Amino acid sequence: LEKARTHHDPDIRFMAIRELTKILDGMGCIDNSMQVPIRSSLLHMLKDKNSDVQTTAVRLLGSVVRKIDKDQVRELVSNLVKSLVEEKTKDKKLQQLQREQFQTAIKKSVKELRREDARESGGPMVSYLSKALTSRDVNLQLICMDLLNDIVSRFGKEVK
């Protein structure tokens, strides 16, 4: 997985994430020793330059969120929100595409997040997204409001 995620050929990266999806679909939960490498590989592939790799990584996200420990879930969703808010590029069109990809990834995570993980994972997301509302970037504000709506609609008072 480590070699495949950094391979120069996007087809190799795509096939690696497809294979990982197949493996994880057959598992009840992910072994503790594999959670960090899978989480970091998934985050890396969400930032991939190839849209097929990104899209497949977003699909895999739901399965991963349901199958990893709450600490890893918190770390994963925190990194997704930070990437959404902090990733900057000079190309505004590319930046908007990246934000949309992270928005989709966060929505998928919120949809699949276990209720018992809502406070620990959802709370920091709400805090970070709320702070981002002060940005001068109107597109970022709109994305943050949309995500906050999803989080609060799903978990209500459970996230603070």
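Guide: Gladly! Keep in mind that this is a predicted model.

Visitor: How do the axes of H6 and H8 cross?

Guide: Angles under 35 degrees count as roughly parallel. The axis of helix H6 (residues 92-112) comes within 10 Å of that of H8, and the two cross at roughly 5°, so H6 and H8 are roughly parallel to each other.

Visitor: Which residues in H6 and H8 meet?

Guide: On the H6 side they include Gln96, Arg99, Ile106 and Val110, while Leu140, Ile143, Asp146 and Phe155 are among those in H8. By class, this contact of H6 with H8 has seven nonpolar, seven charged and three polar residues.

Visitor: And how should I read salt bridges?

Guide: Side chains of opposite charge can pair when their charged atoms come close. Searching the whole structure gives 12 salt bridges. In one of them, Lys47 pairs with Glu87, with 3.4 Å between the closest N and O atoms.

Visitor: What does the pair of Lys47 and Glu87 tie together?

Guide: Lys47 lies in the loop between helices H3 and H4, and Glu87 in the loop between H5 and H6, so the pair links parts 40 residues apart in sequence.

Notes
Residues are numbered from 1 along each chain as its sequence is written. This is a predicted model: local features need pLDDT of at least 70, side-chain atom pairs count only at pLDDT 80 or more; totals for chains, interfaces and linings use all residues. Side-chain values use heavy atoms; hydrogens and water are left out. Axes are lines fitted to C-alpha atoms, for helices over the stretch in contact, and angles run from 0 to 180 degrees between N-to-C directions. Helices (H or I, at least four residues) and strands (E, at least two) are DSSP runs, numbered from the N terminus. Angles under 35 degrees count as roughly parallel, over 145 as roughly antiparallel, 65 to 115 as roughly perpendicular and the rest as oblique. Contact means heavy atoms within 4.5 Å. Ala, Val, Leu, Ile, Met, Phe, Trp, Tyr, Cys and Pro count as nonpolar, Asp, Glu, Lys and Arg as charged, and the others, Gly among them, as polar. A salt bridge is a side-chain nitrogen of Lys or Arg within 4 Å of a carboxyl oxygen of Asp or Glu.
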